[in-house]
Every structure is written in C-alpha cells, then in structure tokens.
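Thanks, everyone. I would like to walk through one model this morning, going from confidence to fold and then to the pocket, so please keep the viewer open while I talk.

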Amino acid sequence: MAGISAAIVTGLTAAALATVGFLGHQAAVNVPAELRRPGADAAPAVRKAPRDKDHPTALPARSGQGPRVVYSLDDDRVWLVEDGGKVKRTFGVSPSTVDPAPGTYRVTSRSASVTGSDGVPVEHVVRFTSVDGTVIGFSAAVDGSAPQLDPGERTGGIRQTRADGAAMWRFATIGRKIVVIR
C-alpha cells in the first residue's frame with residue numbers, strides 16, 4: 001500500500017512541477033517589453049544606431065558586444081555576429097506588421113517547422129519576444145515566398161530566405177542574444 005501511495009505522490013509532484021515550469025515559460029515569453037530589464041551585457045537602446053555611410057551593410061556601431069544577432073528595424077537587415085565583433089553573415093529580411101521595441105532580448109524558443117501566423121508553412125523559427133500577445137521571431141517560408149503583409153493583421157514573423165533561415169537556425173540557439181536597433 002505504501003508503494004502505491006508513494007507512486008501517486010511522485011506522479012502528482014511531477015505533474016505539478018511540469019505545470020509550474022510550463023506556466024513560468026509562458027510568463028517569461030509574454031513579459032511586456034517595458035518590463036524587461038536588460039542584462040549587464042545588454043546594448044543600450046538607441047534611437048538610431050550610427051551607420052557607415054560608405055558601407056551601408058556594415059555592422060552598425062553601438063549594437064552590443066559578444067556573439068549576437070543584430071536586427072535593424074529601419075534597414076530590414078540582420079547581422080549574425082561572432083566573438084570579437086566579426087560578422088559571420090548579413091542579409092535583408094521582410095519585416096512583420098508588429099515590431100519589437102529596440103533593446104536586447106534572448107532567444108526563448110525555436111521550432112523546426114510550423115504554420116506562420118499568416119497561414120504559410122515556415123521553417124527555422126527563432127522566437128525572442130512578444131508584443132501585446134503577438135510572438136516575434138525570425139522564420140523562412142518553406143515555399144520561399146515573401147509575406148503579403150496586411151497592416152490590419154498582427155503578425156510577428158520576420159521572414160528571411162531559406163538559406164538565411166538555415167544560417168540563423170544554426171547560429172541563434174536558445175539563450176543567444178538578439179539586439180534590436182533602429
């Protein structure tokens with residue numbers, strides 16, 4: 001009898017811990033941007049990061065330190081940056097209808113393949129924040145198409161080509177820093 005009771009208690013405890021873990025993850029993903037506190041290694045939120053006028057695709061100054069993904073809202077461009085500030089890859093993206101606030105985030109979840117909020121099958125999904133319930137992240141359409149944005153719809157998928165999506169997938173693992181700039 002004691003063995004059965006112990007098994008029941010163990011099962012209930014495991015279920016409770018799983019539920020608390022799931023709810024904690026959901027809460028962390030849905031923290032409003034204004035309540036997030038940048039870490040010690042965070043890039044300061046700047047209105048407009050300085051650009052090299054002679055090299056428009058060069059990594060903007062003051063875009064953080066260490067390995068990171070830099071996403072420019074104004075340029076619709078991403079830089080995958082390794083240690084020492086070396087740019088591993090840069091590429092243009094198609095923005096979503098909902099923009100994250102400039103600041104520093106971390107990759108919170110990833111999915112190999114899902115259906116995007118616009119109904120298009122996507123792959124290499126890398127999520128890093130949400131804005132008023134709209135999850136924001138990078139993805140690539142499986143059919144290679146660019147999104148058809150409807151300003152009346154709230155979408156958070158920042159689309160990239162399949163090749164760029166594969167590079168992002170390899171680079172932007174859980175916890176990787178994402179710096180959003182203007």
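How many contacts beyond four places in sequence does the model have for residues 32-46, where pLDDT stays under 50? The model has 20 of them for that stretch, a contact being heavy atoms within 4.5 Å, and pLDDT being the predictor's confidence in each residue, from 0 to 100. This is a predicted model, in which local features need pLDDT of at least 70 and side-chain atom pairs count only at pLDDT 80 or more, while totals for chains, interfaces and linings use all residues. Residues are numbered from 1 along each chain as its sequence is written, and side-chain values use heavy atoms, with hydrogens and water left out.

Over the protein chain the pLDDT averages 81, and 74% of the residues score at least 70. Residues 16-25 have a pLDDT below 50, and beyond near neighbours in sequence that stretch has one contact in the model.

Turning to the fold, the protein chain holds two helices and nine strands, in the order α-β-β-β-β-β-β-β-β-α-β from the N terminus on; helices (H or I, at least four residues) and strands (E, at least two) are DSSP runs, numbered from the N terminus. Of the contacts with a separation of 6 or more, 53% are between residues 24 or more positions apart.

Strand S9, residues 177-181, has five of its five residues buried, that is, under 20% relative accessible area with a 1.4 Å probe, protein chains only. On one side these are Lys177, Val179 and Ile181, and on the other Ile178 and Val180. Strand S1 (residues 68-72) runs parallel to S9 and is joined to S9 by four bridges, with valine 70 opposite valine 179; two strands pair if DSSP finds at least two bridges between them. Strand S4 (residues 103-106) is antiparallel to S9, also through four bridges, and there arginine 106 has lysine 177 as its bridge partner.

Finally, the largest pocket is lined by 22 residues, among which Gly116, Ser117, Val135, Gly156 and Gly157 lie nearest its centre. A pocket here is an open set of points on a 1 Å grid over the protein atoms alone, where a 1.4 Å probe fits, with protein on both sides within 12 Å along at least five of seven lines, and lining residues have an atom within 4 Å of a point. S7 gives the most to this lining, with five residues.

How values were computed. Buried < 20%, exposed > 50% of the residue type's maximum accessible area, 1.4 Å probe, protein only.
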